[in-house]
Amino acid sequence: MDHTHHEEHSSHDEEQTTHKEHGEHGGGHDDHGGMHAGHEQMFRRRFFVSTLLSIPVLLYSETLQSWLRFSVPTFPGSEWINPVFAVVVFAYGGVPFLQMAVPELKDRAPGMMTLISMAISVAFVYSLASVVFPTSSAFFWELVTLIDIMLLGHWIEMRSVRRASSVLDELAKLMPDTADRITEDGTEEVRVSDLSENDLVLVRPGASVPADGVVEEGESDVNEVMITGESKPVSKTPGDQVIGGTVNGDGSLRVRIDATGDETTLAGIMRLVEEAQSSKSKTQVLADRAAGWLFYVAVGAAVVTAIAWTIAVSFGATVIERTVTVLVIACPHALGLAIPLVVAINTSLAAQNGMLVRDRIAMEQARNLDAIIFDKTGTLTKGEHGVVGIATVEGVDEDDALAVAAAVESDSEHMIARAIREAASERDVTVSDASGFEAMKGRGVRATVDSQEIYVGGPNLLNYLDSEVPEVLTDFADEAGENAQTVVYLVRDGDLVAAFAMADVIRDESYRVVEALHSPGIEVAMLTGDSEDVANAVAEELGIDTVFAEVLPEDKDTKVQELQDEGKLVAMVGDGVNDAPALTRADVGIAIGSGTDVAVQSAGVILVKNNPMDVVRLVKLSKASYRKMQENIVWAAGYNVFAIPLAAGVLAPIGILLSPAVGALLMSLSTVIVAINSQLLRRVDLSVPSLPGTPASGGVRPAD
């Protein structure tokens, strides 16, 4: 699928040529990118063949023999070597350029293919005329070298574009061709395309998951980096979602398929990447217009050059040489490649880092954002309860209290029990075995740990036990209450010894995100349906500038409008479901969610990982990409300011004249420079530095 610069000058004729040489593209993983590879191979083959055929023309060129002071043996008919071989080179290496110029002329949008076609056609016709009218100077060696260099330039261009656009090919290769479907008689190997919803498949250790589904049996770590950008393998147990194309670890999994074909996450990602590569940004539109203007500038310059040189030296080979050189050197190859190549690399980098760009304009605008609004729950916070604070009476260690509470809660599935167990796991404390577990409805739980009677529960438990609350725990509970946090108490052998504050835990990444966005002067706002107390507590903890609290889902877009009315360019970061109106209203809508939530139509950018850190990476990548686009356009356009007059012969009085072949070489060199500069985008540092004093990952700290 060709969504880059070459799309503008490819044609049905060229596709036919390519297909004849390489065969029709079959189905499967090689469909996408086949056009890039076909074009690249066509130009590569034609370059080598044309170059070989050009050697006799160069050897029998009287001009080159005179310059280089060599001679070759002549024989009857040797005078026909130059015209015959030049015609063959033109037919094999030059005619494809003429074919690619046809759609430009049909669309009344002449461009680089038209310029190249005019240059080689003028040189070809004049050279043939020199055979009929021997008084004219031959132009054959210039013609063949011009065609050779043009083919070389196109080959290099196509290779650069293919490599930059390879993300789709790599994604396509992720999906295996076959799967082991489980039947009543065992397992059978079937094509992935033959799988249906509700099929049960066996994913062996080291194998790729054949389609999206849910784990029914088995435990393993799955490598999802190629889909979500998550570098660490993700643990999968029964009930967990797995994504087609990810790689299973050492365990064996039985997966119930719930999406196949175009409905899979991988297919959705490929569609989004494809849309991003094909959509045009404002900068691309500007470059396209500049390339169009350059055609008329080049033709005008060529006409003026022809008239001026005809007046100066009379019409002849010199006039043709100057005119052809102007047409060649002005070909806007570099300008045409300046933006699409950056877009292809940008899209590839974004996808590799878990960022899917649906709208190029959204990516481009991200560099100019004045404010970013984050939905609180599940974005800045984990969206699940955790232990955010611990208080103990004198003589009781926090880790010991947490270990005892985790032991009591080991058999409970309540969200508070899970939060306590998770906190104990993060602190790596040793949890003893509990016995005699009893759930006390509405009050908490009871169990025996190390021969001690332990209770864990809320305020109702204290009333039930008629426990006296120590002052340190009373103060802790009051502060937690002000922040709308839930407090759970630990009672050991009748004594209240510890309290745990429970809340939606702030992500470790959120601290770094806010600081990183403040650095370039971006305002950070938070939007939530929670109370003012909860929202303000999180905002104060993170250093957020603006808080919108107690906001109903249907009113979220009005908060985006409020900031826009202040003249700010606003991005909205949400989950893409109840945030859809706000995402649509924002100048840049950023959907953040799980790896399977990739088809959010309301967002311009989708962050596959549920990680707010990617918002910072998005802004960084947007700025770096735009900088490369500017550099490429300045070089590509600025090059012509000097090149066209030079080609026209303004330095002829001091003996400096460019041949068409040298002009073609300079034009190709300009394209190569743009390609190399675009590739340097891959070196952009998308990391977000750690903050001094930021709580360590997994630590317990206060939140809302």
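**Helix 23 and its neighbours**

Guide: With 36 residues at 1.5 Å a residue, helix 23 should span 52 Å, and its end C-alpha atoms lie 53 Å apart, which agrees. The model is a predicted one. Helix 23 runs over residues 613-648. Along it, a kink of about 30° is found at Val641, shortly before the proline Pro645. Just after helix 23 comes Gly649, with a positive phi of about 105°.

Two packing partners can be described, starting with helix 11. Two packed helices are described by the angle between their axes and the distance between the axes. For helix 11 (residues 317-329) against helix 23, the angle is about 170° and the axes are 8 Å apart. That angle makes helix 11 roughly antiparallel to helix 23, since angles over 145 degrees count as such. The crossing of helix 11 past helix 23 is right-handed. On the helix 11 side, the contact is made by Arg322, Thr325, Val326 and Ile329. Helix 23 contributes Tyr639, Asn640, Ala643, Ile644, Ala647 and Ala648. By class, the residues of this contact between helix 11 and helix 23 are 7 nonpolar, 2 polar and 1 charged.

The other partner is helix 19 (residues 508-518), whose axis comes within 8 Å of that of helix 23 and crosses it at roughly 30°. Helix 19 and helix 23 are therefore roughly parallel to each other, the limit for that description being under 35 degrees. From helix 19, the residues Glu509, Arg512, Val513, Ala516 and Leu517 meet Met613, Val616 and Val619 of helix 23. The contact of helix 19 with helix 23 divides into 6 nonpolar, no polar and 2 charged residues.

Helix 4 (residues 81-106) has 26 residues and reaches 36 Å from first C-alpha to last, close to the 38 Å expected at 1.5 Å a residue. In helix 4 a kink of about 45° lies at Gly94, shortly before the proline Pro96.

Helix 15 passes helix 16 in a left-handed crossing. In this contact Leu402, Ala405 and Ala406 of helix 15 meet Ile420, Arg421, Ala423 and Ala424 of helix 16. The contact of helix 15 with helix 16 holds 6 nonpolar, no polar and 1 charged residues.

Technical notes
Residues numbered from 1 in each chain as written. Predicted model: local features only at pLDDT ≥ 70, side-chain atom pairs only at ≥ 80, totals over all residues. Heavy atoms only, no water. Axes fitted to C-alpha atoms, helices over the stretch in contact; angles between N-to-C directions. Helix = DSSP H or I, 4+ residues; strand = E, 2+ residues; numbered from the N terminus. Parallel < 35°, antiparallel > 145°, perpendicular 65-115°, else oblique. Left-handed = near helix turned anticlockwise from the far one by under 90°. Contact = heavy atoms within 4.5 Å. Nonpolar A, V, L, I, M, F, W, Y, C, P; charged D, E, K, R; others polar. Expected span 1.5 Å × (residues − 1). Bend = angle between axes of the 7 residues up to and from the residue.
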